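Please look over the sequence and the model below, and keep both in view while you read. The paragraphs that follow lead from the whole chain to single residues.

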Amino acid sequence: MNILDKIVADKHKEVALKKSLIPVKQLENSILFDRKANSLAASLRSSTTGIIAEHKRRSPSKAVINQKVSVQDVALDYETAGVCGMSVLTDGKYFGGSLDDLILARASVQMPLLRKEFIIDEYQLLEAKAYGADVILLIAAVLTRDQIKMLSEFAKSLSLDVLLEVHNQDELEKSMMPSLDMLGVNNRNLKTFEVSTDISKSLSTLIPDDFVKVSESGISSIEAIKDLKQYGYKGFLIGENFMKTENPGASAVEFIKQLEQ
């Protein structure tokens, strides 16, 4: 069993437990549930930089990344830096995140927030809406085409943007459908954890222009972004590059300043 299989197996147990504790009606009664979502896809289309900055405390591949900074400070600093949106890890066991991080970020900023999670059930989309997310992530590697269709259409019914993440051509071809807003290519091989932007480049021609193209993981230089822009990418998800520093927001400010030069 690889790490992704372990995470998904644990996620099924976690979601079953949450469903037994917090009824759907309670989520739907959240003060944030009827809030008008802020589209990340629209933000990326109109941006010259396309940075989606991430709040991530740790990961299975890197252990601790940054446990010291508060999610509110990071969110405010990212927004001040001028990022297009913020990705908030909400998985607890493997990434040290929580839904509390999402709601604290939402209380701090107006920019689009992505709930970065291993989504396997519609219940998690209701959670995302109730805790202030604007965007949800679906991972093709852990979902069938029918599941992607069901979850993405349900997300759209909640006025949430949908970012679908793929790792290879097979995942891309099974996943493309009108209920997606953005197609993200993860540059990290989930079996080896090796990172290369070559996969983003090779898949770029297979992604129709109807979708906003997003490149994820292993992006740490201005040159990499300028290179990927030539392949039609409008979004760039950057996590560890900012979070591994003492001040992620200041790192984002400096990075975007250089990118705009």
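In this predicted model, the 32 positive and 36 negative charges of the protein have mean positions that are 1 Å apart. The accessible surface of the protein comes to about 11,400 Å², and 50% of that surface belongs to carbon and sulfur atoms.

How does the overall form of the chain compare with that of a compact globule? For 261 residues, a compact globule would have a radius of gyration near 18 Å, and the protein, with 17 Å, agrees with this. Along the principal axes, the C-alpha trace spans about 50 × 40 × 35 Å. Within this form there are twelve helices and ten strands, and buried residues make up 55% of the 261 residues. Consider also the contacts between residues at least 6 apart in sequence: 69% of these join residues that are at least 24 apart.

Helix α6, which runs over residues 122-130, is an example of an element that is mostly covered, since eight of its nine residues are buried. The buried residues are Tyr-123, Gln-124, Leu-125, Leu-126, Glu-127, Ala-128, Lys-129 and Ala-130. What do these buried residues of α6 pack against? Their partners are the helices α1, α2 (24-28), α5 (99-108) and α7 (145-157), together with the strands β5 (113-116) and β6 (135-139).

From packing we can turn to charged pairs, of which the structure holds 19 in the form of salt bridges. In one of them, Asp-227 is paired with Lys-201, and the closest N and O atoms are 2.6 Å apart. Because Asp-227 lies in helix α10 (residues 222-229) and Lys-201 in helix α9, this pair ties together parts that are 26 residues apart in sequence. Asp-227 itself is partly exposed, with a relative accessible area of 24%.

Other salt bridges share partners, and in this way Lys-11, Glu-14, Lys-18, Asp-91, Arg-115, Glu-117 and Glu-127 are joined into one network. Glu-127, a member of this network, is also among the buried residues of α6. One of the salt bridges links Glu-14 with Lys-11, the closest N and O atoms being 3.1 Å apart. Why can these two residues meet within a single helix? They are three residues apart in helix α1 (residues 3-21), which means that about one helical turn separates Glu-14 from Lys-11. An α-helix has 3.6 residues a turn, so residues three or four places apart point the same way.

Which residues does Asp-77 contact, if its neighbours within four places in sequence are left aside? They are Asn-247 and Gly-249. Asp-121, by comparison, is 44 residues from Asp-77 along the chain, and the C-alpha atoms of the two are separated by 32 Å.

Most residues other than glycine have a negative phi. Against this background, Ser-159 has a positive phi, near 65°, and Ser-217 has a positive phi near 80°. Each of these serines has its place in a loop: Ser-159 is found between α7 and β7 (161-166), and Ser-217 between β9 (212-216) and α10. Is each of them buried or partly exposed? Ser-159 counts as partly exposed because its relative accessibility is 48%, whereas Ser-217, with a relative accessible area of 15%, is buried, the cut-off for buried being under 20%.

Conventions: Residues are numbered from 1 along each chain as its sequence is written. This is a predicted model: local features need pLDDT of at least 70, side-chain atom pairs count only at pLDDT 80 or more; totals for chains, interfaces and linings use all residues. Side-chain values use heavy atoms; hydrogens and water are left out. A salt bridge is a side-chain nitrogen of Lys or Arg within 4 Å of a carboxyl oxygen of Asp or Glu. Helices (H or I, at least four residues) and strands (E, at least two) are DSSP runs, numbered from the N terminus. Buried means under 20% relative accessible area, exposed over 50%, partly exposed in between (1.4 Å probe, protein chains only). The radius of gyration is taken over C-alpha atoms; the globule rule is 2.2 Å times the number of residues to the power 0.38. Contact means heavy atoms within 4.5 Å. Accessible areas come from the Shrake-Rupley method with a 1.4 Å probe; for residues, only the protein chains shown count as cover. Lys and Arg count as positive and Asp and Glu as negative; His and the chain ends are not counted. The place of a charge is taken as NZ of Lys, CZ of Arg, CG of Asp or CD of Glu.
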